[in-house]
Amino acid sequence: IDVTVISDGVNLASRLEGLTKTYDTPFLFSESLLEESEKMSGLYFRYLGQVYVKGKSIPQKIYELFNADEPEQIEKKLKTKEKFELALNIFFSGNFVDSEKLFREILRTNENDTVCQYYLNQLAIQSH
């Protein structure tokens, strides 16, 4: 058994578990699982960004799975998914003013979007 492969998976799982608290969302998964999840229908997810795992130089893309949310919350996340992912792309490009506008628009539609609120908090930190 290749111990490196096992420890890589454990490190990533541990990192994702910690990030559930950061983003205040119960389920996160990585890009490797996304390839499998695309084969399954009925899963609701959205891209959240990239994270580094201890000992690795290549970041892992992460996603929020929100099937377990309340039906109204699922509907709101689906409705704002494109705008959310656009806001993220703009945020990661360094255009904080435009990304903040989009995140605030999303919160007007979905006031309980904890990930959106996380990114607004990051923007507040950036501005100080």
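## Helices α3 and α5

Let's start with a helix pair: the axes of α3 (residues 71-92) and α5 (residues 114-127) come within 12 Å of each other and cross at roughly 20 degrees. Here an axis is a line fitted to C-alpha atoms, for helices over the stretch in contact, and angles run from 0 to 180 degrees between N-to-C directions. That crossing makes α3 roughly parallel to α5 (angles under 35 degrees count as roughly parallel, over 145 as roughly antiparallel, 65 to 115 as roughly perpendicular and the rest as oblique). The passage of α3 across α5 is left-handed, meaning that the near helix is turned anticlockwise from the far one by less than a right angle; clockwise would be right-handed.

On the α3 side, the contact (heavy atoms within 4.5 Å) uses Phe84, Leu88, Phe91 and Phe92, and α5 supplies Val115, Cys116, Tyr119, Gln122 and Leu123. By class, eight of these residues are nonpolar, one is polar and none is charged. For this count, Ala, Val, Leu, Ile, Met, Phe, Trp, Tyr, Cys and Pro are nonpolar, Asp, Glu, Lys and Arg are charged, and the others, Gly among them, are polar.

## About the model

This is a predicted model, in which local features need pLDDT of at least 70 and side-chain atom pairs count only at pLDDT 80 or more, while totals for chains, interfaces and linings use all residues. Residues are numbered from 1 along each chain as its sequence is written, and side-chain values use heavy atoms, with hydrogens and water left out. Helices (H or I, at least four residues) and strands (E, at least two) are DSSP runs, numbered from the N terminus.

## Helix α4 and its partners

Helix α4 (residues 96-109) meets both of the helices above. The axes of α3 and α4 come within 8 Å and cross at roughly 170 degrees, which makes α3 roughly antiparallel to α4. This crossing is left-handed. Its contact includes Lys76, Lys83, Phe84 and Phe91 of α3, with Phe96, Asp98, Phe103 and Glu105 among the residues of α4. The residues of this contact divide into ten nonpolar, three polar and five charged.

With α5, the axis of α4 comes within 10 Å, at a crossing of roughly 145 degrees. This crossing, too, is left-handed. Among the residues that meet are Phe96, Phe103 and Leu107 in α4 and Cys116, Tyr119 and Leu123 in α5. The class count is eight nonpolar, three polar and two charged residues.

## The sheet

Now to the strands: three of them form an open sheet in the order β1-β3-β2, with antiparallel pairing. Edge strands β1 (28-30) and β2 (45-51) each have a single partner, so one side of each is left without a neighbour in the sheet. Neighbouring strands are turned by 35 degrees against each other on average, direction ignored.

Strands pair if DSSP finds at least two bridges between them. Six bridges join β2 to β3 (residues 60-65), with Arg46 opposite Glu64 and Tyr47 opposite Tyr63. β1 and β3 pair over three bridges, and Glu64 in β3 is the bridge partner of Leu28.

## An aromatic link

The whole structure holds 14 aromatic pairs (ring centres of Phe, Tyr and Trp, its six-membered ring, within 6.5 Å; planes under 30 degrees apart are stacked, over 60 edge-to-face and the rest tilted). Tyr23 and Tyr119 have ring centres 6.1 Å apart and planes at 40 degrees, so the pair is tilted. Tyr23 lies in helix α1 (residues 3-23) and Tyr119 in α5, so the pair ties together parts that are 96 residues apart in sequence.
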